[in-house]
Amino acid sequence: MRGDLVLTEGQMRWHGYLLPDVSPDFIQTNHVDVVDEDSPLIAIDCEMCLTCNGQELTRVSVVNEKHEVLYDTLVKPYNKIIHYNTQFSGITERLLNPVTIRLADVQKKLLSIIPTNAILVGQSLNGDLKALKMYHPHCIDTSSLFTTYKVGLKALTKFYLKKDIQCGNDGHNSIEDATASMDLALLKLRKGNNLRNYQSGRKNDLPVER
């Protein structure tokens, strides 16, 4: 059941999702109270840079269950950029210089394309939603979907999907990462508890509330 993979409000708080009561400046999606088996999965992945005001959005990609890219754009931060995080984000000064899209434009677009009954999917999705300054109550977080501790997207994709991602030297591709998160969620829906436990030689022992 799709709803079984959705984080509860308590789990969202545990994982650092910013809820409306603590983030009144966030926008909220138009959403139903309860999701069901007809609720579409929408995967989101963002890239961020470091500005004088902290982490800010520089790219957002949105993918549906058919791997169709619903939205993909570069975003120019409002504040002065201190570090582009190019090693991880793939974003450079040259790429952002001509960009005129701002966070407010992205928020407006997302509100128009995310269905009211959608379930958002992502890897450590709390960070993406924080960068988007957006709240949505129905989320599947692939970082803790298979284990009792958080595991990186690259490792999960290799272990469960037998695919290599994030292999280049030019930073992450947010479309690739969003697609990988989507495929992991769909795999979990198909296989459920029949999936073998994730195993690695090392792990980040961050407790996960179940």
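A residue counts as partly exposed when its relative accessible area lies between the buried limit, under 20%, and the exposed limit, over 50%. K158, at 44% relative accessibility, is therefore partly exposed. The model is predicted, and the count of salt bridges in it comes to six.

**Salt bridges**
- The side chains of K158 and D164 form a salt bridge with an N to O distance of 3.2 Å; D164 is partly exposed, at a relative accessible area of 49%.
- K163 pairs with D183 in a salt bridge whose closest N and O atoms are 3.7 Å apart.
- This pair links distant parts of the chain, 20 residues apart: K163 sits in the loop between α7 (153-161) and α8 (174-191), and D183 in helix α8.
- K163 is partly exposed at 43% relative accessibility, whereas D183 is buried at 13%.
- Salt bridges with shared partners join E9, R13 and D21 into one network.
- E65 and R2 meet through their side chains in a salt bridge of 2.9 Å, N to O.
- E65 counts as partly exposed at 27% relative accessibility, and R2 as buried at 13%.

**Negative surface patch**
- D4, D36, E37 and D38 form a negative surface patch.
- E37 belongs to the loop between β1 (27-28) and β2 (41-51) and is partly exposed, with a relative accessible area of 39%.

**Surroundings of C49**
- C49 is in strand β2 and is buried, at 0% relative accessibility.
- Beyond neighbours within four places in sequence, the contacts of C49 include G54, T58, P77, I81 and Y84.

Conventions. Residues are numbered from 1 along each chain as its sequence is written. This is a predicted model: local features need pLDDT of at least 70, side-chain atom pairs count only at pLDDT 80 or more; totals for chains, interfaces and linings use all residues. Side-chain values use heavy atoms; hydrogens and water are left out. Patches are made of residues with over 30% relative accessible area and no salt bridge: like charges are joined within 9 Å, nonpolar side chains (Val, Leu, Ile, Met, Phe, Trp, Tyr) within 5 Å. Accessible areas come from the Shrake-Rupley method with a 1.4 Å probe; for residues, only the protein chains shown count as cover. A salt bridge is a side-chain nitrogen of Lys or Arg within 4 Å of a carboxyl oxygen of Asp or Glu. Lys and Arg count as positive and Asp and Glu as negative; His and the chain ends are not counted. The place of a charge is taken as NZ of Lys, CZ of Arg, CG of Asp or CD of Glu. Helices (H or I, at least four residues) and strands (E, at least two) are DSSP runs, numbered from the N terminus. Buried means under 20% relative accessible area, exposed over 50%, partly exposed in between (1.4 Å probe, protein chains only). Contact means heavy atoms within 4.5 Å.
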